[in-house]
Amino acid sequence: MATGLHFVVCASIVPDPLQTLEPVMGPSGPALKNEAMLPAVLDPWAAHALYECAALAKKIAGSRLTLLSLGPKAKLQQVMMTAGQKVPFEFVALDGSAGGFTESAETAAALAEAIRALPNFAPENLVLAGGWESASRGAGTTLQILGELLGIRNQFQGVDEVHVQEDGSLRILERLEGGKYQVSVCAGPPVVLGWATGTVPEPPNNPQIGMTNMRGVMPALQRAKAVAVGAQGVKFVTAELPKQKRETRIVKDASPEEVAREIVEWIRGH
Amino acid sequence: MTEKLLLLIPVEKDGALPKTAWETVSAVRALGQGLNAPFDVGLWGADVKHAARELASCGASRFLAVEGADFADARYATDSAAAEALARASQATVVIAPSNSRVARVLGGVSHRLQGRADNHATAVQVVDGRIQLTRWYYRQRIMVVLEREHRPWFIALESGAAAPWSGPSGDVALEPVGVSLTDADKRTRFEAIQQPPADQQTIRPDAELLFVAGAGWTKKQRDGQIHVEEADRIIREFLAKSGASLGGTKSIVDQAGEGGAVLSCMSHMNQVGQTGSTPRHPKGLATCCHGEEPHVVGWRFINERRAVNLDPNCGWAHGKADVLYVADAFEVMRKVNELLSS
């Protein structure tokens, strides 16, 4: 069986998906209107990565799980009050922008430095994970660049399942187009796993886990190094909400037959 | 800035070009004309000769190739090595590839090796005042951004729908082989298989005219106070078979399996559309038992005509997110739809 692995999950924070977002242009590029006021959540795909890696770490004796988050300290603290109740982890924070209008190369450079500085960091046992795309920038490139910076050339994106086999190899399912999966076997860590939704459901809040995590979260936030993450070399010409708003025709009091007939005609292109 | 373009394409295992590549050819040709810049084609795969012949008349200056059995299957180490070698051989300042899972897996990493920058999910590239402007979405299709970059090389993965597919006569091509040295470390990952449901059970159909989305309402108590999941499953499967539609689901319905709730056998996480799901491209979309909340509807950005069936006249679809909202019972409506589709 595999020896203990070090799972490092990179997960930032994003505005709660239910919030209305409005871009505003500032001197250094676009930002979100009232960004500091918007309630935040752990980036959804990265949150799946956290739950999946926690489940794997639990199965493999001697493993450890580090959650590395880059975001404004105050927001991170707020999000960790909830996220910290899900699974046990060591927490490392970087104090900087979690906004989407930043460059993945700059984010990756800051994360790489933090990972190299982790106590007892052993690259050969590293499972570097995160969401395959963020819900902010959505570029799907940060983990790749981070992997490159750490010298990892076994990388997987759109991961829904990882099975650590008896010989320590990893059997990995990655999403492809059209509802297909590619199955690959990697000889072992170090690897990069960009998770999609995975198969592990969101764990319920566990106050005991929350208490234990918060003992590490608060000092980690106090120690959080300030990092400057921007978008050097990018000129944002426009940042706009989609203009199209549909004039919705609301059909009430029609019989199921009438509705069905209209839908079928529409499907058939009449 | 004098630009040089590279059209970068991984070739399928059977030697064919990926479907979206034809659109990317058009986009690169247009960009080349707009910039008055030449472009190369860079192909990698087990055998790229057939693909190169298909592109013979596309106007490329050179056809560069990385070939061999090691490049047959998608694998980060070998794909990134091939893409890197092709980009270096071309010395292109802008590298454009069709967006698919194979390209998306490596583009960021390769851009890093060449000290460039990468943009996945571009929906348009155009030349404005002699400069390249790229359009892509931020915050999961909620904010549309047009940007320019100083960094070169600039790697761009272009989504389908960005241009009309190119077509032209095939012919002989002088392929320039590009060498890539692989080590054992590059082969630590082994391709095992492609997993997919049997054809008659495949519910995700990217080429379908219609996206049919089922929301969690299908698995909730109905007017008689009972849950009718088996019937819901039957109605939906019948509709998919008769209409040829692709099946999508909301987060709440696909999450039910993990939460111990009633589940539709035809639904998995792969079907999920929205914030943490996919953003499919279909001409039409029909939502049923789904409230049209923003986290779901962001996945509908590229669905042109939208209709919804929901019992709530104030649901999200009513607020400018659908063209038509039918305030009706989806069970009753879809039963009738299936009858009509049979006739």
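How many residues of chain B are in contact with chain A? The views below come from a predicted model.

**View 1. The contact between chain A and chain B.** The count is 82 residues of chain B, in contact with 70 residues of chain A. Helix α4 (residues 101-113) of chain B gives the largest share of the chain B side, eight residues. By class, the chain B side that touches chain A divides into 38 nonpolar, 23 charged and 21 polar residues.

**View 2. Strands paired across the two chains.** Strand β11 (residues 181-186) of chain A pairs with strand β11 (residues 189-195) of chain B. The sense is antiparallel, and the pairing runs over six bridges.

**View 3. Helix α1 of chain B.** This helix covers residues 21-35, 15 residues in total. From first C-alpha to last, α1(B) reaches 21 Å, close to the 21 Å expected at 1.5 Å a residue. Its buried residues include W22(B), E23(B), V25(B), V28(B), L31(B) and L35(B). The buried residues of α1(B) pack against six strands of chain B: β1 (5-10), β2 (39-45), β4 (94-98), β6 (124-128), β7 (131-138) and β9 (154-158). N36(B) follows the helix, and its phi is positive, near 55 degrees.

**View 4. Chain A as a whole.** Chain A holds six helices and 15 strands. Its C-alpha trace spans about 65 × 50 × 40 Å along the principal axes. Of its 270 residues, 49% count as buried. Among contacts in chain A with a separation of 6 or more, 78% join residues 24 or more positions apart.

Note on methods:
Residues numbered from 1 in each chain as written. Chains lettered and ligands numbered in written order. Predicted model: local features only at pLDDT ≥ 70, side-chain atom pairs only at ≥ 80, totals over all residues. Contact = placed C-beta atoms within 7 Å. Helix = DSSP H or I, 4+ residues; strand = E, 2+ residues; numbered from the N terminus. Nonpolar A, V, L, I, M, F, W, Y, C, P; charged D, E, K, R; others polar. Pairing = 2+ DSSP bridges. Expected span 1.5 Å × (residues − 1). Buried ≥ 20, exposed ≤ 12 C-beta atoms within 10 Å, placed from the backbone.
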